[in-house]
Each structure stands twice: as C-alpha cells, then as structure tokens.
Amino acid sequence: MSVGNERRRLAPILRPPATAEEEELFAALDLSRLPRHVAVIMDGNGRWAKQRGYAARIFGHRAGTDAVRAATRTAAELRLTALTLYAFSKENWSRPQSEVNALMDLLDEYLVKELPEMRENDIRLVASGDPGDLRDKTRRKLEETIAATAGHGGLVVNLAISYGARAEITHAARRAMEMARSGELAPEELTPEVFGQMLHHPELGDPDLLVRTSGELRVSNFLLWQIAYSEFVVMDVLWPDFRRADFYRALLEFQRRDRRFGGVGPA
Ligand code: IPE
Ligand code: IPE
Ligand code: MG
C-alpha cells in the first residue's frame with residue numbers, strides 16, 4: 001500500500017549544493033538509507049519575528065514560506081516519497097483572528113505561487129485535516145491545486161491544515177462504527193492495519209522521521225497514530241531559518257539511529 005517504490009521517473013536535481021557546508025553534509029549522507037516519509041512540525045515563526053524586533057508574528061509566518069520552499073526542494077532532490085508539513089493545527093484556530101486571517105492569506109498565496117514549481121518538479125499536493133473548516137476561497141484554492149497536481153508522480157507534499165490527530169482518529173473510529181452498524185465490517189475484523197487505512201492518506205506510509213523545529217519537546221496533536229515508530233529529531237533552529245543544510249542535519253541524525261521496532265536489532 002505504498003507509493004514511491006515504483007517511482008517511474010526521478011525528480012530533476014533542482015540546484016546543486018550551494019555552499020561548502022551543504023556539500024560536506026550531503027557527502028556524509030547515505031543515500032541508500034534515506035527515510036521515505038518525513039513529517040515536520042514547522043514551529044518557531046513567532047519567536048523568529050520577535051527576535052528580529054517585529055511586533056507582528058505574521059512576519060515570521062511569511063518568512064516561514066521560504067523554509068517551506070527549501071524543505072520541499074530538498075525532499076524532491078533527494079527523491080523522498082512524502083513530506084508532511086504541519087501548517088495549521090485545529091488548536092491554531094484559537095489564535096487572534098488577525099493572525100488566523102494572515103495565515104490563511106499566506107496559504108492562498110502559497111498555493112498559487114508554488115504551483116509552477118510543483119508542475120516543474122512533478123510534485124503532488126495532498127492535504128490532511130478538515131478542509132471544511134477553511135473559508136471558501138482557501139478551500140477552493142487548495143482543492144484546485146490538489147486537482148492540478150493529481151497526475152504528478154514525484155514527491156508527495158502532504159499539507160496538514162486544520163489538522164488534529166485526535167479529530168482524525170475520532171473520525172476514523174466513527175467510520176468504523178458506521179461500517180459495523182451497516183454490516184460492512186465485523187468488530188473482530190477491525191485490526192490496526194484496517195483502522196490505519198481509515199486515516200488520512202495511509203498510502204503515504206507512516207513517517208520514518210519526525211522533525212520539530214524551535215526546540216519544543218512535544219507533539220502538539222500531530223499524527224499520533226502514524227508516529228508510533230517514527231524517529232524524532234528536535235532542532236533548535238526556528239522554522240523561518242530552516243534551510244537545506246538543516247534538512248541534511250536532520251537526515252544525518254536519523255541515520256545515526258538504530259531503529260528496532262520492538263525487536264533486538266542487529267547483533
Ligand atoms: C509555527 O510557528 C506556525 C504555526 C503554528 C502556524 P508559531 O506561530 O507557533 O511560532 P512560535 O512557536 O510562537 O514561535
Ligand atoms: C504546532 O505548533 C502546530 C504547527 C506547527 C502548525 P504550535 O506552536 O501550535 O504548538 P504548541 O502550541 O507550541 O504546542
Ligand atoms: Mg509554536
């Protein structure tokens with residue numbers, strides 16, 4: 001049930017390593033042991049703005065879109081299968097209306113501005129979360145971009161928008177109950193595998209690597225089911241400063257881990 005193993009064509013290399021630091025980090029990577037699916041909690045935009053003396057947090061959010069572009073390019077260059085980006089949580093609706101509006105404006109802008117690059121690099125956009133929570137304009141733009149990239153076979157960018165893992169799991173549980181009620185599924189047929197298929201985009205597979213920027217050691221209602229065996233890498237860098245070298249650093253840390261999945265690992 002996974003995409004990418006049969007990748008038909010390779011994403012083009014967009015840009016060679018630009019700095020000596022990038023080159024050195026890239027050279028240290030084992031390209032045969034990259035994660036398939038990387039998920040990112042893009043955190044620290046507000047602190048970034050504050051650090052630079054901006055009164056409005058939105059400056060950080062705007063700067064964060066450059067980091068989104070950098071992360072997407074890097075993932076495409078490395079031919080990862082999927083990149084899930086936590087862009088807006090269910091709980092983020094509780095922020096001041098002006099910040100929410102500004103974030104939605106940025107999302108609209110992102111969806112229009114990034115489409116040419118998605119086309120050029122064979123990137124397919126999908127979304128996780130509740131699009132029904134979004135204002136009409138933003139939901140339409142999201143649906144349009146998803147439709148426009150649906151035929152692409154390269155990296156899948158999964159934008160988690162109005163996403164909350166508890167809502168996702170509850171929704172799946174409700175679906176399982178409805179299937180039981182209609183006789184489509186017997187309770188004893190509900191296994192973790194069957195249940196997992198009822199969550200958003202199971203075809204992407206579970207994230208191998210979960211990155212959180214800005215140093216916070218919490219999950220904030222992100223992918224609670226899917227990260228059962230993900231490797232966590234928490235980085236001190238604030239999201240707007242995240243660039244290709246930081247992505248490489250996260251991947252190098254991932255490659256130092258010994259994933260055992262409950263077993264005993266190599267002798
Ligand atoms: C992450 O940055 C972006 C969103 C949650 C939308 P924050 O806005 O949470 O930035 P900090 O954590 O306050 O620095
Ligand atoms: C998590 O960051 C959500 C996103 C990055 C979209 P938050 O900044 O909302 O998380 P908390 O409030 O610090 O837990
Ligand atoms: Mg935050």
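**Reading two ligand sites**

Reply: In the side chain of Ser220, an N or O atom is 2.6 Å from an oxygen atom of ligand 2. Before going on, note that this is a predicted model, in which local features need pLDDT of at least 70, side-chain atom pairs count only at pLDDT 80 or more, and totals for chains, interfaces and linings use all residues. Residues are numbered from 1 along each chain as its sequence is written, chains are lettered from A and ligands numbered from 1 in the order in which they are written, and side-chain values use heavy atoms, with hydrogens and water left out.

Me: How much of the accessible area of ligand 2 does the protein cover?

Reply: Accessible areas come from the Shrake-Rupley method with a 1.4 Å probe, and for residues only the protein chains shown count as cover. On its own ligand 2 has 390 Å² of accessible area, of which the protein covers 78%.

Me: What makes up the shell around ligand 2?

Reply: Ala, Val, Leu, Ile, Met, Phe, Trp, Tyr, Cys and Pro count as nonpolar, Asp, Glu, Lys and Arg as charged, and the others, Gly among them, as polar. By that scheme the shell around ligand 2 holds five nonpolar, two polar and four charged residues.

Me: Which contacts does ligand 1 have through its oxygen atoms?

Reply: The side chain of Arg47 has an N or O atom 2.7 Å from an oxygen atom of ligand 1, a polar side-chain atom of Asp43 lies 2.8 Å from an oxygen atom of ligand 1, and for Asn45 a backbone N or O atom lies 3.1 Å from an oxygen atom of ligand 1. Ligand 1 taken alone exposes 380 Å², and the protein buries 86% of that.

Me: How does the shell around ligand 1 divide?

Reply: The shell around ligand 1 has three nonpolar, five polar and four charged residues.

Key. Polar contact = N/O pair within 3.5 Å; in protein donor to acceptor, adjacent residues only side chain to side chain.
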